[in-house]
Amino acid sequence: MKILLSLLFVFTITVVASEPITPIPEHIDVNVKKAALGKKLFFDTLLSRDKSVNCATCHILQDGGDDNLPYSYGINGQQGSINSPTVYNALFNFREFWNGRAKNLQEQASGPIENPKEMGYNFKDLIKRLKKTPYNALFHKIYKDGITKKNITNAIAEYEKTLITPNSPFDRYLRGDKHAITKEQKEGYELFKAKGCIACHQGMNVGGNMYNKFGIFTDSNSTNLGRYEVTHKEKDKYYFKVPSLRNIARTAPYFHDGRTYNLKVAVYTMAKYQLGRKITPQEVDKIVAFLHSLNGEIPKNIEPE
C-alpha cells in the first residue's frame, strides 16, 4: 500500500511539473484574528465617505469576485473608468490593479478607499470614524498601536488571502484525475497551448504574472493607456497586467474596458489582437470549454456572521 501511494504521489508531481499551469493550493496560512477583522472591514460601508458602498460592492463573492459590470459605481453614483477585476486568487498576482500600481494586496487595499470615484474617503477621517465604534477595541486586541492606515489595510489583505478558489476540475486533472475534465476540455487545453494563449496565461493563476500590450497585431482601440499611467514611459502605452483566467466564466464582462460579456467573443478578440492568427468556431468552442474547467470552489463562510 505504501509503495502504491508513493508511486501515485510521484505520478501526480510529475504531471503537475510537466504543465505550464499549476494547481491552486487548497489552503493558505493566514492570521485568523486579522482575517476575521478584515472580513468585517471588507463588508462595512463605514469605509466609504457617505457610507453607501463597501469592498463587496465591486467584488461580489458569491459569484466571480467582481461585479459583472463594464465599469463599477462608487459614492454618489459615480462611474469608474476601468473594469473591476476579481478579488479571488488576487493573492497569486505579481502586482495588483490593471496597471500594476500596487505591489501587493495590502498596498492595493488603500486604493479604493482613497479613490474619489470609489469610496471617496481619506484615512485620517476614516480612523477617527472607526475609533468611535467597536472597531477601536477590536484593533487594540490585535495590533499594539490600534487603528492605523497600515493596520486597516493589513487586516483587509489578510482576509483577501482567504479568497482562493481551489479544486477546479482542471486542478484535479493536473493532480492526476484524468476524468476530472471532458474530452472537449482536454482538446481545448491543447489548443490553448498550441495557439499561443499559454504564453501569457500560465502559472498558478493562469495569468496575473506579467504585463503585455493589448493590441499586439491589431489596434485594440483602447482609450485607457494602462501601465503608461504609472510610468509615463512611451513604451508602456497600452500595457496591462495580464488577467488571471481563473473563474473566467463567472467574471464577464471581459478586458479592462468590459467590452464584451461573451466569452467566445473574448477568445476571438484575443486571437485577433494578441495572437494575429485565425481561429475556427470549433476551436473557440473547445477553448471556451477548457476555460469553464478553471471554475474553482467558492470558499465557505466568506461573509461576516
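A residue counts as exposed when its relative accessible area is over 50%, and as buried when that area is under 20%. The structure discussed here is a predicted model.

- Lys183 forms a salt bridge with Glu187, and their closest N and O atoms are 2.5 Å apart.
- Both Glu187 and Lys183 belong to helix H9, where they are separated by 4 residues, about one turn of the helix.

- Glu19 and Lys193 form a salt bridge in which the closest N and O atoms lie 3.2 Å apart.
- This pair links distant parts of the chain, 174 residues apart: Lys193 is in helix H9 (residues 183-194), and Glu19 is in the loop between helix H1 (2-17) and helix H2 (32-42).
- Glu19 is buried, with a relative accessible area of 19%, and Lys193 is partly exposed, with 23%.
- Through salt bridges that share partners, Glu19, Glu190 and Lys193 are joined into one network.

**Packing of helices H11 and H12**

- Two packed helices are described by the angle between their axes and the distance between the axes.
- Helix H11 (residues 263-275) and helix H12 (residues 281-292) have axes that come within 10 Å and cross at roughly 115 degrees.
- Angles of 65 to 115 degrees count as roughly perpendicular, so H11 is roughly perpendicular to H12.
- The crossing of H11 and H12 is right-handed.
- On the H11 side, the contact is made by Leu263, Lys264, Val267 and Tyr268; on the H12 side, it is made by Pro281, Val284, Asp285, Ile287, Val288, Leu291 and His292.
- The contact of H11 with H12 comprises 8 nonpolar residues, 1 polar residue and 2 charged residues.

**Packing of helices H2 and H6**

- The axes of H2 and helix H6 (residues 135-142) are 10 Å apart, and the two helices pack at an angle of about 155 degrees.
- Angles over 145 degrees count as roughly antiparallel, so H2 is roughly antiparallel to H6.
- The crossing of H2 and H6 is left-handed.
- H2 contributes Lys33, Lys34, Leu37, Lys40 and Leu41 to the contact, and H6 contributes Tyr135, Leu138, Phe139 and Ile142.
- By class, the contact of H2 with H6 has 6 nonpolar residues, no polar residues and 3 charged residues.

- Met210 lies in the loop between H9 and strand S1 (211-213).
- With a relative accessibility of 25%, Met210 counts as partly exposed.
- Leaving aside residues up to four places away in sequence, Met210 touches Phe94, Ala199, Cys200, Gln202, Phe240, Lys241 and Val242.
- Met210 and Asn154 are 56 residues apart in sequence, and their C-alpha atoms are 24 Å apart in space.

Notes. Residues are numbered from 1 along each chain as its sequence is written. This is a predicted model: local features need pLDDT of at least 70, side-chain atom pairs count only at pLDDT 80 or more; totals for chains, interfaces and linings use all residues. Side-chain values use heavy atoms; hydrogens and water are left out. Axes are lines fitted to C-alpha atoms, for helices over the stretch in contact, and angles run from 0 to 180 degrees between N-to-C directions. Angles under 35 degrees count as roughly parallel, over 145 as roughly antiparallel, 65 to 115 as roughly perpendicular and the rest as oblique. A crossing is left-handed if the near helix is turned anticlockwise from the far one by less than a right angle, and right-handed if clockwise. Contact means heavy atoms within 4.5 Å. Ala, Val, Leu, Ile, Met, Phe, Trp, Tyr, Cys and Pro count as nonpolar, Asp, Glu, Lys and Arg as charged, and the others, Gly among them, as polar. A salt bridge is a side-chain nitrogen of Lys or Arg within 4 Å of a carboxyl oxygen of Asp or Glu. Buried means under 20% relative accessible area, exposed over 50%, partly exposed in between (1.4 Å probe, protein chains only).
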